[in-house]
Amino acid sequence: MYKYDQYDQAIVDARVDEFRDQVERRLSGQLTEDQFKPLRLMNGLYLQLHAYMLRVAIPYGTLDARQMRMLGSIARDYDRGYGHFTTRQNLQFNWIKLADTPDILAKLATVQMHAIQTSGNCIRNISADQYAGAAGDEVTDPRPWAELIRQWSTFHPEFSYLPRKFKIAVIAAAEDRAAMRLHDIGIQLLEQNGELGAAIYVGGGMGRTPMVSHLIRDFITADDLMSYLEAALRVYNRYGRRDNIYKARIKILLHEIGADEYRRQVEEEFALVKQLGIDPPRAELDRITAMFAPPAFDTGPAAAVDRGDPDFAVWLDQNVVAHKQPGYHIVNVSLKPAGGIPGDATADQIDLLADLAERLSFNELRVTHAQNIVLPHVHGRDLCDLWAALRDAGLAEPNLDLITDIIACPGLDYCSLANARSIPLAQKIASRFADRERQRDLGELKLKISGCINACGHHHAGHIGILGVDKKGTENYQLSLGGSGAEDVSLAKITGPGFSEDGVVDAIERVTDRYIALRDEGERFLDTYRRVGFEPFKEAIYG
């Protein structure tokens with residue numbers, strides 16, 4: 001894992017002191033809410049429907065047991081005993097008191113954590129593949145690159161007030177586990193003629209106008225990456241619209257001027273930026289990379305895992321993934337128990353995950369964009385004990401990538417922007433499809449729910465997507481089909497008129513029934529949908 005140097009720590013500590021003064025002035029009345037709002041947003045503090053919400057950065061989703069325990073401690077002492085893991089690989093505390101915020105940030109700083117650039121019109125938390133450093137299909141560990149980008153983007157003076165928020169994802173495999181092409185900039189690390197570099201995709205995003213990114217550069221070397229990103233952001237910062245919040249994202253700029261013209265301008269700017277010498281020396285990337293060296297794996301013979309317990313065997317098949325190191329496994333911990341709130345974990349569960357990571361996963365955890373947790377390096381001999389501990393804590397639901405592994409935003413239960421509730425709907429769907437044999441028979445089926453058009457629940461990328469809207473004062477749910485955030489990226493298509501909360505659950509059941517009737521052997525839901533088309537499913541929904 002990356003460890004702060006003296007500059008990192010000084011930056012974070014100084015920001016805490018600065019914000020403490022700002023909070024004191026707000027509480028004393030020296031600052032109005034309008035004056036305070038941009039200051040709190042710079043520190044990840046939102047004013048929601050019922051309380052302040054603090055969004056804590058977890059860069060590229062990686063944290064250690066000490067940091068995880070701090071999150072549990074804050075949840076217990078300053079919130080209502082839980083935290084909410086998000087689709088940006090962050091964590092949100094939903095019931096924060098303004099007066100407590102500086103103390104919370106100070107505590108986070110003691111474990112090399114912060115809330116900087118988790119909100120506002122800046123470059124947000126850099127996301128990455130949750131299997132980084134453990135997956136057998138990656139060409140390199142993407143996290144050193146993500147860390148280099150984090151350092152470049154933090155407090156970047158030119159990009160602190162962009163036309164709109166900006167999101168970057170980094171992957172290093174052909175399989176896209178981070179929805180890379182639905183980001184403002186997506187970076188895919190790859191090798192070309194024996195040299196490591198990256199393909200650059202620009203202009204993806206969800207929200208009001210969902211778009212898939214364009215390949216802007218098929219290869220850029222490590223030595224030139226920062227200059228190229230600088231050029232890409234400069235063109236956006238110069239020409240991105242500031243007169244209309246709904247048209248301010250970089251995807252709109254590419255749509256308006258075209259990918260070819262944007263590419264031309266970036267290449268022109270890149271030639272100028274290269275002369276400035278802003279790219280760090282290769283030694284800096286090497287320094288960062290050394291912090292992500294593989295753990296001291298046990299290289300002895302890999303023993304077979306005893307699958308005698310049928311519940312354990314089901315969990316193994318569904319939630320445990322092959323590791324590049326023989327004898328080890330990547331364990332996905334579901335935060336989607338039957339009847340639970342997607343992405344929520346109690347303080348006790350957070351502490352348990354920290355303990356398990358420390359004992360059984362070389363002190364590493366990962367947050368996924370699907371709102372789950374990964375223990376990336378677990379030896380086969382420890383899997384059964386790990387499963388038993390997770391089971392006792394309500395964390396062993398074997399539903400990774402199944403219909404109950406639902407992505408859902410907080411919705412109208414918390415968010416001041418939402419039009420409809422997401423959480424109760426997710427719970428109803430999970431209850432309707434609670435039978436594990438039924439879930440496994442349906443197979444991979446990614447269902448995603450957003451409570452408003454901002455699409456924090458990624459509904460555009462759902463095999464089945466649901467958008468909550470306000471219809472004359474009543475919550476209404478639009479159903480979409482055929483989306484994907486993976487390497488076979490696509491945007492879901494709205495089926496037609498919306499439904500009530502109960503009605504959309506019934507509609508989903510009609511969709512899955514039609515899938516079972518139409519599928520060929522071995523086909524996922526998405527494969528069948530793409531083969532037979534939209535109309536058979538629309539007919540099943542509306543008759």
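**Aromatic pairs and ring contacts**

At 0% relative accessibility, Phe537 counts as buried (under 20% relative accessible area with a 1.4 Å probe and protein chains only; exposed is over 50%, partly exposed in between). Phe525 is buried as well, also at 0%. The model is a predicted one, where local features need pLDDT of at least 70, side-chain atom pairs count only at pLDDT 80 or more, and totals for chains, interfaces and linings use all residues. Residues are numbered from 1 along each chain as its sequence is written, and side-chain values use heavy atoms, leaving out hydrogens and water.

Now for the rings. Rings of Phe, Tyr and Trp (its six-membered ring) pair if their centres lie within 6.5 Å; planes under 30 degrees apart are stacked, over 60 edge-to-face, and the rest tilted. That rule gives 15 aromatic pairs. In one of them, Trp95 and Tyr414 have ring centres 5.9 Å apart and planes at 70 degrees, so this pair is edge-to-face. Trp95 sits in strand E5 (residues 91-96) and Tyr414 in the loop between strand E16 (407-408) and helix H13 (423-432), so the pair ties together parts 319 residues apart in sequence. Here helices (H or I, at least four residues) and strands (E, at least two) are DSSP runs, numbered from the N terminus. Trp95 is buried at 17%, and Tyr414 is buried at 14%.

Back to the two phenylalanines: the ring centres of Phe525 and Phe537 are 5.5 Å apart with planes at 65 degrees, so that pair is edge-to-face. Phe525 belongs to helix H16 (residues 525-532) and Phe537 to helix H17 (residues 535-542), 12 residues apart. Together with Tyr515 and Tyr529, Phe525 and Phe537 form one aromatic cluster.
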